[in-house]
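Reader: I would like to learn how to read a few features of a protein model. Please take them one at a time.

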Amino acid sequence: MAARRRAPPEGERARALEIVERLERAMPEARIALRFEDPLQLLVAVILSAQSTDAGVNRVTPALFAAFPDAAALARAAPEELVPLIRSLGLHRNKARAIVGAARAIVAHHGAQVPRSRAALEALPGVGPKTAGVVLVHLGAEAAFPVDTHVGRLARRMGLSRAADPDGVEVDLRALLPVERWGRGHQLLVWHGRRCCAARAPACSRCPVADLCPRRGVPEAIRR
Ligand code: SF4
């Protein structure tokens, strides 16, 4: 995580909070779309979701979780055994290696339980800051504001961050919003990015936060 920056002005914090509150009113149903029943399934699903859709992940995980029901089963497997079950996803060989490597570390160092701290999660093979943050948020284990491609794009368009890298965006968003809004803020920005503020053609004319958004870096020609 990048170093802490100077506290943002009160007006910017109020604007950020208003954006999150309006998105909450517009999309109270916003929830993680990945399906999971326990912390290990959550971790595996988030690893699989890199550069893949949640729907695509949800199609492969029932068979994967049935074949490998716990960390011990995954730790005993060779990565090649997972490949046929996740072949429809991009980067499936890398993801298979990451899942088995993470499971082996979880069994070896964490009593076969998914760790509940950012430091321990990020120490697992194949687990970066975004994956760790999403797991922490949905386990309610530690405050985090995970920054994926949607959150980064929206934060920059909305003028909430000028950072180009996810770590820098997370630092800016954490400074703007109270800690109890971080996890929900992440989820709402992800949904708003999928439903309205799309990468190629943001639907500014029907956006619930249009009057709060400077639309930075959004050419007039691509707005709808
Ligand atoms: S006004 Fe446009 S650019 Fe700004 S958040 Fe809404 S859809 Fe995205």
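Reader: Is G101 buried, partly exposed or exposed, and why?

Author: A residue is buried if 20 or more other C-beta atoms, placed from the backbone, lie within 10 Å of its own, exposed if 12 or fewer do, and partly exposed in between. G101 has 17 other C-beta atoms within 10 Å, so G101 is partly exposed. Before going on, note that this is a predicted model, in which local features need pLDDT of at least 70, side-chain atom pairs count only at pLDDT 80 or more, and totals for chains, interfaces and linings use all residues. Residues are numbered from 1 along each chain as its sequence is written.

Reader: In which helix does G101 lie?

Author: Helices are DSSP runs of H or I with at least four residues, numbered from the N terminus. G101 lies in helix α6, residues 92-109.

Reader: Which residues is G101 in contact with, leaving aside its neighbours within four places in sequence?

Author: Two residues are in contact if their C-beta atoms, placed from the backbone, lie within 7 Å. On that basis G101 touches P125 and G126.

Reader: How many residues of helix α8 are buried?

Author: Helix α8 spans residues 129-139, and nine of its eleven residues are buried. Among them are V134, V135 and L136. The cover over the buried residues of α8 includes α2 (39-48), α7 (118-122), α10 and α11 (182-195). Just after α8, G140 takes a positive phi of about 65°.

Reader: At what angle do α9 and α10 pack?

Author: Axes are lines fitted to C-alpha atoms, for helices over the stretch in contact, and angles run from 0 to 180 degrees between N-to-C directions. Helix α9 (residues 149-157) and helix α10 (residues 166-176) pack at about 60°, with axes 10 Å apart. That makes α9 oblique to α10. Angles under 35 degrees count as roughly parallel, over 145 as roughly antiparallel, 65 to 115 as roughly perpendicular and the rest as oblique. The α9 side of the contact consists of V151, G152 and A155, and the α10 side of P166, V169, D172 and L173.

Reader: What about α9 and α11: at what angle do they pack?

Author: Their angle is about 85°, with axes 8 Å apart. Helices α9 and α11 are therefore roughly perpendicular to each other. H150, V151, R153 and L154 in α9 meet H186, L189, V190, H192, G193 and R194 in α11.

Definitions and conventions
Helix = DSSP H or I, 4+ residues; strand = E, 2+ residues; numbered from the N terminus.
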